[in-house]
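Subject: Structure for your reading

Dear colleague,

Please find below the sequence and the structure that I am handing over to you.

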Amino acid sequence: MTREELKSQIDELMRQYADEEIDGATYFQKMMELTTSFQNESQED
């Protein structure tokens with residue numbers, strides 16, 4: 001995943017949260033999953 005892909009996924013999460021499609025706990029969990037998977041991919045390079 002590139003930084004741009006990560007940013008677009010984070011932007012989509014923020015939009016879903018702002019539109020109340022997901023709650024704060026779901027938002028936080030998904031954000032942690034995104035950043036963790038991004039960091040893990042970055043370390044493998």
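The model is a predicted one, in which local features need pLDDT of at least 70 and side-chain atom pairs count only at pLDDT 80 or more, while totals for chains, interfaces and linings use all residues. Residues are numbered from 1 along each chain as its sequence is written, and side-chain values use heavy atoms, with hydrogens and water left out.

Overall fold

The protein chain contains two helices and zero strands. Here helices (H or I, at least four residues) and strands (E, at least two) are DSSP runs, numbered from the N terminus. Along the principal axes, the C-alpha atoms of the chain fill a box of roughly 35 × 20 × 5 Å. Of its 45 residues, 18% count as buried. In these notes, buried means under 20% relative accessible area, exposed means over 50%, and partly exposed lies in between (1.4 Å probe, protein chains only).

How the helices pack

Two packed helices are described by the angle between their axes and the distance between the axes. Helix 1 and helix 2 pack at an angle of about 175°, and their axes are 10 Å apart. The axes are lines fitted to C-alpha atoms, for helices over the stretch in contact, and angles run from 0 to 180 degrees between N-to-C directions. Helix 1 and helix 2 are therefore roughly antiparallel to each other. For such angles, under 35 degrees counts as roughly parallel, over 145 as roughly antiparallel, 65 to 115 as roughly perpendicular and the rest as oblique.

On the side of helix 1, the contact is made by Arg3, Leu6, Gln9, Ile10, Leu13, Met14 and Tyr17. Helix 2 contributes Gly24, Tyr27, Lys30, Met31, Leu34 and Phe38. Contact means heavy atoms within 4.5 Å.

The nonpolar core

In soluble globular proteins, nonpolar side chains tend to be buried together. Which residues form the largest nonpolar core here? The seven residues are Leu6, Ile10, Leu13, Ile22, Met31, Leu34 and Phe38. Helix 1 and helix 2 are the elements that give two or more residues to this core. A nonpolar core is a set of buried Ala, Val, Leu, Ile, Met, Phe, Trp, Tyr and Cys residues joined through side-chain atoms within 4.5 Å. Leaving aside residues up to four places away in sequence, Phe38 touches Met1, Thr2, Arg3 and Leu6.

The aromatic pair

A pair of aromatic rings is described by the distance of the centres and the angle of the planes. Rings of Phe, Tyr and Trp (its six-membered ring) pair if their centres lie within 6.5 Å; planes under 30 degrees apart count as stacked, over 60 as edge-to-face and the rest as tilted. By this rule there is one aromatic pair. The ring centres of Tyr17 and Tyr27 are 4.9 Å apart and their planes are at 25°, so the pair is stacked. It links distant parts of the chain, as Tyr17 is in helix 1 (residues 3-18) and Tyr27, 10 residues apart from it, is in helix 2 (residues 24-44). Tyr17 is partly exposed, with a relative accessible area of 41%.

The salt bridges

The whole structure holds four salt bridges. A salt bridge is a side-chain nitrogen of Lys or Arg within 4 Å of a carboxyl oxygen of Asp or Glu. Arg15 meets Glu12 in one of them, at 2.7 Å from N to O. Arg15 and Glu12 both lie in helix 1, three residues apart, about one turn of the helix. Arg15 is partly exposed at 34% relative accessibility, and Glu12 is partly exposed at 33%. Asp19 also forms a salt bridge with Arg15, with the closest N and O atoms 2.9 Å apart. The side chains of Glu21 and Arg15 form another, at 2.9 Å from N to O. Salt bridges that share partners join Glu12, Arg15, Asp19 and Glu21 into one network.

The loop

Glu20 is found in the loop between helix 1 and helix 2. At 69% relative accessibility, Glu20 counts as exposed. Most residues other than glycine have a negative phi, and most peptide bonds are trans. Glu20 has a positive phi of about 60° although it is not a glycine.

With kind regards
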